[in-house]
Amino acid sequence: MNKLLKEKIVSTFLKIYKSQPLVIFSPGRINLIGEHTDYNDGYVFPAAIDKGIIAAVEKSKTNYCSVYAYDKKEEYQFNLDSIEPIPNGGWRNYVLGVISEIQKKGIGLSPFNIVFGGDIPGGAGLSSSAALENSIVFGLNELFQLELSKKDMIFISQKAEHNFVGVKCGIMDQYASMFGIENNFLHLDCRTIEAKAYQIDLKDYELLLINTNVKHNLSDSAYNNRRSVCENVSAMLHKKALRDMTKEELLSIKSKISEEDYQKVLYVIQEIDRTQKAAEAIENGDIKKLGQLIFESHSGLQHQYKVSCDELDFLVDKAKESHVVIGSRMMGGGFGGCTINLIEKDQINNFTSEVSKAYKKKFNNECSIYQVKLSNGTHLVR
Ligand code: GAF
């Protein structure tokens with residue numbers, strides 16, 4: 001966690017609201033493999049990271065709530081009896097969505113003040129949204145002793161995103177942000193919401209994130225559209241989710257669906273399988289195999305599921321050409337954000353300087369390089 005940011009958030013809170021707040025750190029996440037599988041009841045392999053959202057929260061003595069977004073220098077005040085989504089409301093809808101979902105459970109809240117800020121660049125695909133939602137629900141749970149479990153809280157965060165932001169996301173981001181374990185990846189079964197923690201020995205390799213610094217428009221509608229395709233095709237075979245469908249079963253309805261939808265569903269079935277194979281490779285200490293599965297995942301996301309973009313494909317191609325990166329793929333929802341790379345430890349500087357130059361030349365834009373640590377999930381900061 002970024003201690004300097006914490007100090008800035010707390011001093012801003014003291015200055016505006018003149019009381020000592022509770023402080024919460026809620027991390028962003030990365031995902032090793034298993035993309036667009038969570039809302040198909042499949043498996044994912046995320047980890048919480050040391051970058052995220054810091055929120056300061058305390059009860060208010062007024063009869064309204066006030067939330068200050070430190071990074072944007074914007075304040076928003078509202079009454080708890082009129083919580084509605086705001087058209088193009090940006091960060092406000094994440095906060096309001098969480099409050100609304102708490103209220104839907106019949107839980108009454110009293111006015112409060114919040115200041116929040118973060119060190120995850122927006123649009124990087126590191127899930128600042130889940131980190132924000134979790135920081136709010138966790139903070140309110142502590143402040144008002146609501147006795148919500150961590151599982152209750154992640155479903156509140158997820159519903160907030162569905163109902164107030166309009167993205168029909170799965171549970172991976174909220175889970176990883178809430179339940180993260182320092183130095184561990186979580187092999188999560190998105191049906192049972194049970195995870196096995198893995199402290200992975202990457203041997204001569206390290207994880208490296210490269211941010212394209214782009215976020216293409218329409219990514220939210222494209223996301224919801226992919227989810228509908230998956231649900232419609234699984235309904236055709238009366239399956240609860242694509243997790244329950246085999247390649248053979250999919251083949252049996254191939255003539256009834258478009259080639260595009262066939263490829264999308266095939267991708268999901270293959271990616272769920274790859275995620276299981278990744279767990280096996282890790283258990284066998286076979287990091288090269290893990291890398292190969294990561295490259296395959298990108299190829300599926302690019303050509304079958306069609307959620308990549310030129311900038312991401314360029315970075316993955318450069319990684320492949322380099323021979324020092326043994327696995328690379330886009331991460332998260334797609335259409336921009338970061339690639340995740342498994343790279344030889346002692347080649348990081350050479351590779352990053354080469355790829356940065358090439359990216360700048362091709363897109364006339366900078367890419368950013370991040371190395372992250374795997375962190376604990378959402379928690380109170382003492
Ligand atoms: C986004 C969503 F929020 C997740 O639920 C997940 O579906 C991911 O895209 C793709 O794997 O981050």
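Reader: At what angle do helix H8 and helix H9 pack, and how far apart are their axes?

Author: Please note at the outset that this is a predicted model. In general, two packed helices are described by the angle between their axes and the distance between the axes. Here, helix H8 (residues 259-283) packs against helix H9 (residues 287-304) at about 170°, and their axes lie 10 Å apart. H8 is therefore roughly antiparallel to H9.

Reader: Which residues in H8 and H9 meet?

Author: On the H8 side they include Leu266, Tyr267, Arg274 and Ile282, and on the H9 side Leu290, Leu293, Glu296 and Leu301 are among them. The residues of this contact divide into eight nonpolar, five polar and six charged.

Reader: What is the strand order in the open sheet of three strands?

Author: The order is E2-E7-E8, and the pairing is antiparallel. Strand E2 (43-44) and strand E8 (194-198) are the edges, each pairing on one side only. Strand E7 (residues 185-189) is joined to E8 by five bridges; leucine 188, for instance, has alanine 195 in E8 as its bridge partner. Helix H5 (residues 172-179) lies across E2, E7 and E8 and runs at about 135° to E7.

Reader: How many disulfides does the structure hold?

Author: A disulfide is a covalent bond between the sulfur atoms of two cysteines. The structure holds zero disulfides. The sulfur of cysteine 190 is 11 Å from the closest cysteine sulfur, that of cysteine 169, which is too far for a bond. For cysteine 230, the closest cysteine sulfur belongs to cysteine 190, at 13 Å, again too far for a bond.

Reader: Are cysteine 190 and cysteine 230 buried or exposed?

Author: Cysteine 190 counts as buried, at 6% relative accessibility, and cysteine 230 is buried with a relative accessible area of 0%.

Definitions and conventions:
Residues numbered from 1 in each chain as written. Predicted model: local features only at pLDDT ≥ 70, side-chain atom pairs only at ≥ 80, totals over all residues. Heavy atoms only, no water. Disulfide = S-S within 2.5 Å. Buried < 20%, exposed > 50% of the residue type's maximum accessible area, 1.4 Å probe, protein only. Axes fitted to C-alpha atoms, helices over the stretch in contact; angles between N-to-C directions. Helix = DSSP H or I, 4+ residues; strand = E, 2+ residues; numbered from the N terminus. Parallel < 35°, antiparallel > 145°, perpendicular 65-115°, else oblique. Contact = heavy atoms within 4.5 Å. Nonpolar A, V, L, I, M, F, W, Y, C, P; charged D, E, K, R; others polar. Pairing = 2+ DSSP bridges.
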